[in-house]
Amino acid sequence: MTQEFLMYKGRPLVRSGQTLYYGSMGDRCVAHLQIKSQQEQNGISTADKVVVQLISTDESLPLKDRILNKAERGGLYEALSIADIWMERYSKK
């Protein structure tokens with residue numbers, strides 16, 4: 001049985017608690033999104049501060065060298081947008 005993931009712009013998106021992973025380990029890099037704070041809007045809790053890191057999947061590199069880019073965004077949509085842009089750029093290198 002194959003596990004199915006939520007997809008966003010053709011890449012898997014997996015959530016575990018306040019952490020999301022965007023991309024596949026078979027790609028050159030994945031995005032790590034950490035929700036740092038949330039706010040209530042119309043009774044629904046939404047992320048309002050998200051730290052995004054683009055991480056190389058090359059396990060031969062030390063962890064500090066695997067972080068390719070890092071930013072903080074004001075919401076999950078903005079965080080996923082920048083992660084997708086970065087992943088497109090790094091996949092073409």
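User: What makes the contact between the side chains of aspartate 84 and arginine 11 a salt bridge?

Analyst: In this predicted model, the side chains of aspartate 84 and arginine 11 meet at 2.7 Å, N to O. A salt bridge requires a side-chain nitrogen of Lys or Arg within 4 Å of a carboxyl oxygen of Asp or Glu, and the 2.7 Å pair therefore qualifies. Side chains of opposite charge can pair when their charged atoms come close.

User: Which parts of the chain does the pair of aspartate 84 and arginine 11 tie together?

Analyst: Aspartate 84 belongs to helix α2 and arginine 11 to strand β2, so the pair ties together parts that are 73 residues apart in sequence.

User: Why is arginine 11 called buried?

Analyst: Its relative accessibility is 10%, and buried means under 20%; arginine 11 therefore counts as buried. Aspartate 84 is buried too.

User: What links arginine 11 to glutamate 88?

Analyst: Their side chains meet in a salt bridge at 3.0 Å, N to O. Arginine 11 lies in strand β2 and glutamate 88 in helix α2, so this pair ties together parts that are 77 residues apart in sequence. Lys9, Arg11, Asp84 and Glu88 are linked in a network of salt bridges.

User: Why is glutamate 88 described as partly exposed?

Analyst: Glutamate 88 has 34% relative accessibility.

User: How do you know that the span of helix α2 is close to the expected one?

Analyst: Helix α2 covers residues 76-91, which is 16 residues, and reaches 22 Å from its first C-alpha to its last. The expected value at 1.5 Å a residue is 22 Å. The buried residues of α2, among them Asp84, Trp86 and Tyr90, pack against elements including β2 (11-16) and β6 (67-73).

User: Which residues form the nonpolar patch on the surface?

Analyst: The patch consists of Phe5, Met7, Val14 and Tyr21, with about 370 Å² of accessible area together. Phenylalanine 5, in the segment before β1, has a relative accessible area of 41% and is partly exposed.

Conventions: Residues are numbered from 1 along each chain as its sequence is written. This is a predicted model: local features need pLDDT of at least 70, side-chain atom pairs count only at pLDDT 80 or more; totals for chains, interfaces and linings use all residues. Side-chain values use heavy atoms; hydrogens and water are left out. Helices (H or I, at least four residues) and strands (E, at least two) are DSSP runs, numbered from the N terminus. The expected span of a helix is 1.5 Å times one less than its number of residues. Buried means under 20% relative accessible area, exposed over 50%, partly exposed in between (1.4 Å probe, protein chains only). Contact means heavy atoms within 4.5 Å. Patches are made of residues with over 30% relative accessible area and no salt bridge: like charges are joined within 9 Å, nonpolar side chains (Val, Leu, Ile, Met, Phe, Trp, Tyr) within 5 Å. Accessible areas come from the Shrake-Rupley method with a 1.4 Å probe; for residues, only the protein chains shown count as cover.
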